[in-house]
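Here are my notes on this one, jotted down while going through it. Have the viewer open as you read.

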There are 2 protein chains.
Amino acid sequence: MLQWPAGVLVREVGPRDGLQNEPRTISTDQKIRLIELLARAGVRAIEATSFVHPRAVPQMADAEEVISGARRVLAVLEAQEGVQGVVLSALAGNRRGVERALAAGVDEVVMVVSASEEHNRANMRMSIGQSLRQVEEAVALAMGTGVVIRGAVAVAFGCPYRGEIRPAEVREVVGALAGVGIKEITLADTAGLANPRQVYELVNMLCREYPAVNFALHFHDARGMALANIVTGIQAGVKIIESSVGGLGGCPFIPGAAGNVATEDVVYMLQRMGIEMAIDRHRLEDCISWLEEILGRKLRERKPGCTNSTG
Amino acid sequence: MLQWPAGVLVREVGPRDGLQNEPRTISTDQKIRLIELLARAGVRAIEATSFVHPRAVPQMADAEEVISGARRVLAVLEAQEGVQGVVLSALAGNRRGVERALAAGVDEVVMVVSASEEHNRANMRMSIGQSLRQVEEAVALAMGTGVVIRGAVAVAFGCPYRGEIRPAEVREVVGALAGVGIKEITLADTAGLANPRQVYELVNMLCREYPAVNFALHFHDARGMALANIVTGIQAGVKIIESSVGGLGGCPFIPGAAGNVATEDVVYMLQRMGIEMAIDRHRLEDCISWLEEILGRKLRERKPGCTNSTG
């Protein structure tokens, strides 16, 4: 009989990976409000913003204000409702970003390294080796601050530039990250190419080889496979799933483009499987309704079950 | 390490479970053409129509003509392209339906029995016991004809009238079907309520208890869980998956209503997992394009993977 984990943690990436792709400008206050609503719903790990150059991602130019505002509302939530232990995370693109993130008071900094040279150069304009040195630098900068450096391996399941990614290529990047002391690593299916068998086999191999690393998984819902990939990922030992409230993300200009897997779908499925999520689905729905208002569009078609008679 | 089956068979239910819910009238010739296109794409098990009273399902009033027409085009396909072994299946609602199906020349007759009394009465207007006696009668009628009687257990994973269905209730119906000699049994998530863990546990139990039965699984894509349910179903030993080309089915009047899981998504996922399907995806896409033309609407949003940079 298969074993399932007793609990799974959601790492919410909507405020960062979701909003950075939105065509509408979202105000700093709205971003802070989103983080508050997520924390109220029970989310305990939130990727809040991105410390990158404002020219590269103008939507994230208010990263400092988002973090300080989020700190403020989280302090109120703690005082008023006893909400504790919300990890505020932010992406950083280089040394300058890490310094800004540390100064802003994040709990965790995410550094992205691709599994393919081609994607790393396209995304970060440097080699994998250079990216890894930046991670090492970030670890040194964070030393003694209590801030965690998280590694994210982009295109871990396939690369839009290169095609197939061999497990050995992912292992090499994971090994290098683990080698500089990274204990939290996200395997990201950046291009929406993962399949459930591949997820199981890669994650199983990495969990065995790096028992000290907490792996997280990040899928886009290409061809409806995200939840299937999550199921085999947790079968292989992962206990952290990244998702985006309302499926925020993807490309809003492409109808039907695969966004991040939706937090509410992940929570619904895992809770129905008897896996503890500590998230209040009704509050999550409130958060989605609020988001739909400020974005001015429906985020997700709700799909009710069908009671169609003969099968 | 998990084991995966070398191959999985698709039982295509679009011509029956899909078209019966279409608001547009589909001509008999179009139904036959759909079956032909599916067979050309490599589909080897097709639920072609339903032998029920035309007042109950007017869309299926031409069941005899569909079967005889399908026989004709399959004979031509065999002669011209060597296509062999396509199983033509049809649903029957009662003794009269079984007789009509046998006279029409089907290879397989599907009889539906619900796992809950409430759904069986709503769907078939009789008790589970009465339905089971009809199955027994069907087996007797088919004796010596070479026609297979398939059992389908509706609401096997949850009932819209009753809520939870205990595994013992499903086992009871499966046991009764096996007891009258049924060797092909579909477990149908009629209401779109199944979750991957439940699927694994129920299927695992039934496959162990009834090793002589070939189980098939039938899911609706409620909340994006269909593919995840299929993955754990095949992990538990199922080698037949029911699906509907273009995701036909569900309720076309409810936007976003969960239709049957789409054949092309099942094939795409399983082929990417290295599981043999013997289906030509390009021909399947041709079939979907043709269907979209005759139905006058897009069947499925295509969801391309996203090459979004940072995760």
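Predicted model: local features only at pLDDT ≥ 70, side-chain atom pairs only at ≥ 80, totals over all residues.

1. Chain A is built from 11 helices and eight strands. Its radius of gyration is 18 Å, close to the 19 Å that the globule rule gives for 311 residues, so chain A is as compact as a globular protein of that length. Along the principal axes, its C-alpha trace covers about 55 × 45 × 40 Å.

2. If you take the chain A contacts with a separation of 6 or more, 73% of them come from residues 24 or more positions apart.

3. As for the surface, chain A exposes about 11,700 Å², and carbon and sulfur atoms supply 50% of that.

4. Now to chain B, and have a look at B:Val155. This residue isn't a glycine, yet its phi is positive, at about 45°. You'll find B:Val155 in the loop between strand S5 (148–154) and helix H7 (167–179). B:Val155 is buried, its relative accessible area being 0%.

5. B:Arg223 is another one to check: a positive phi of about 55°, and again not a glycine. The loop here runs between strand S7 (214–218) and helix H9 (226–235) of chain B. Is B:Arg223 buried or exposed? At a relative accessible area of 18%, B:Arg223 counts as buried, because the cut-off is under 20%.

Notes: Residues numbered from 1 in each chain as written. Chains lettered and ligands numbered in written order. Heavy atoms only, no water. Helix = DSSP H or I, 4+ residues; strand = E, 2+ residues; numbered from the N terminus. Rg over C-alpha atoms; globule rule 2.2 N^0.38 Å. Contact = heavy atoms within 4.5 Å. Areas by Shrake-Rupley, 256 points an atom, 1.4 Å probe, with all protein chains shown as cover. Buried < 20%, exposed > 50% of the residue type's maximum accessible area, 1.4 Å probe, protein only.
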